[in-house]
Amino acid sequence: MTVRELFAMIDDLAPFDTQADFDNAGLLLGDPAQTVRGIHVALDVTDGVLDEAEAVGANVLVTHHPLMFAPRRRLTEEDYEARLLCRMIRGHMALIAAHTNLDSAPGGINDVLAAVCGLRGVTGEGYLRIGTLPGGETVGTLIPRLEAALHTTVRVMGQLPPEQTLHRMAVSSGAGSDSWEEAVRLGADVFLTGEMKHHHALALSGAGVLGLECGHFATEEPGIFALADALQKQLNAVQYEGCVSKSHQGGYAGRYGADRR
């Protein structure tokens with residue numbers, strides 16, 4: 001399999017032409033004709049992630065967040081991003097980023113987040129999903145359940161009694177608080193996102209909707225595992241050597257091989 005073929009596979013799962021205008025998703029580094037020896041999936045490109053990729057013999061990195069989000073005029077190893085890029089070039093490692101296209105894709109980041117949060121009858125499109133909470137869910141039971149499910153600390157924004165029953169929750173991963181108005185319009189009692197802007201939190205509170213800020217990493221990491229699983233099913237030939245899931249250094253490691261296991 002080549003990098004070009006892997007890119008086409010990801011494009012089928014989360015079409016790159018659906019990415020936001022401001023985004024930089026796609027094949028960002030490497031030779032499309034290069035043979036894929038191993039794939040390492042992670043949220044971000046970091047030195048730790050590159051260490052992991054090299055340790056399992058991967059020569060393709062698939063991340064959620066892209067590098068070169070802002071245009072670059074030079075690659076000198078005097079800044080962090082340039083050092084990462086130069087390291088990857090020296091190691092002949094390709095980089096594919098699936099960002100806002102994966103956020104909005106069916107089965108992508110936000111669908112996975114809704115599932116992890118236990119929502120039922122999920123609907124929505126773009127960067128927002130909304131669904132029904134389990135029967136009898138209250139403010140007092142929801143917060144610890146989400147903290148356990150997402151492995152995070154939930155910041156509560158707004159005031160509702162702990163015993164108040166909640167029915168519908170909307171979610172938008174990462175820096176998704178711009179979707180708050182749609183959440184209110186769709187009748188959400190609760191709106192969960194990774195990063196909540198102050199004025200959005202105030203507006204939600206004024207609308208009687210509970211705002212929950214759960215962290216950018218925590219709301220997007222589950223979707224990375226789902227992407228790795230989807231690639232495994234497509235390839236039927238990915239041997240996963242291991243993963244480090246609760247660290248900003250961590251990724252989901254795979255090595256392309258002859259068998260699926």
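View 1. What you're looking at is a predicted model, where local features need pLDDT of at least 70, side-chain atom pairs count only at pLDDT 80 or more, and totals for chains, interfaces and linings use all residues. Residues are numbered from 1 along each chain as its sequence is written, and side-chain values use heavy atoms, with hydrogens and water left out.

**View 2. The overall build.** The protein has 9 helices and 12 strands (DSSP runs numbered from the N terminus: helices are H or I with at least four residues, strands are E with at least two). Its C-alpha trace spans about 55 × 45 × 30 Å along the principal axes. Of the 261 residues, 51% are buried (under 20% relative accessible area, with a 1.4 Å probe and protein chains only).

**View 3. A six-stranded open sheet.** The 6 strands of this sheet run in the order E5-E6-E8-E9-E10-E7, with mixed pairing (two strands pair if DSSP finds at least two bridges between them). Strands E5 (120-123) and E7 (155-157) sit at the edges, each pairing on one side only. On average, neighbouring strands here are turned by 20° against each other, direction ignored (axes are lines fitted to C-alpha atoms, for helices over the stretch in contact, and angles run from 0 to 180 degrees between N-to-C directions).

**View 4. Zooming in on E6 and E8.** Strand E6 (residues 129-132) pairs with strand E8 (residues 168-172) in the antiparallel sense, over 4 bridges. Look for Arg129, whose bridge partner in E8 is Val171. Helix H5 (residues 109-116) lies across E5, E6, E8 and strand E9 (190-193), at about 145° to E8.

**View 5. The largest nonpolar core.** This core has 26 residues, and Val60 is one of those with the most contacts inside it (a nonpolar core is a set of buried Ala, Val, Leu, Ile, Met, Phe, Trp, Tyr and Cys residues joined through side-chain atoms within 4.5 Å). Helix H9 gives the largest share, 6 residues. Another core, of 20 residues, lies apart from it and includes Leu142, Leu150, Leu166 and Cys214.

**View 6. Around Val60.** Leaving aside neighbours within four places in sequence, Val60 is in contact with residues including Val3, Leu6, Ile39, Met93 and Ile96 (contact means heavy atoms within 4.5 Å).

Key. Buried < 20%, exposed > 50% of the residue type's maximum accessible area, 1.4 Å probe, protein only.
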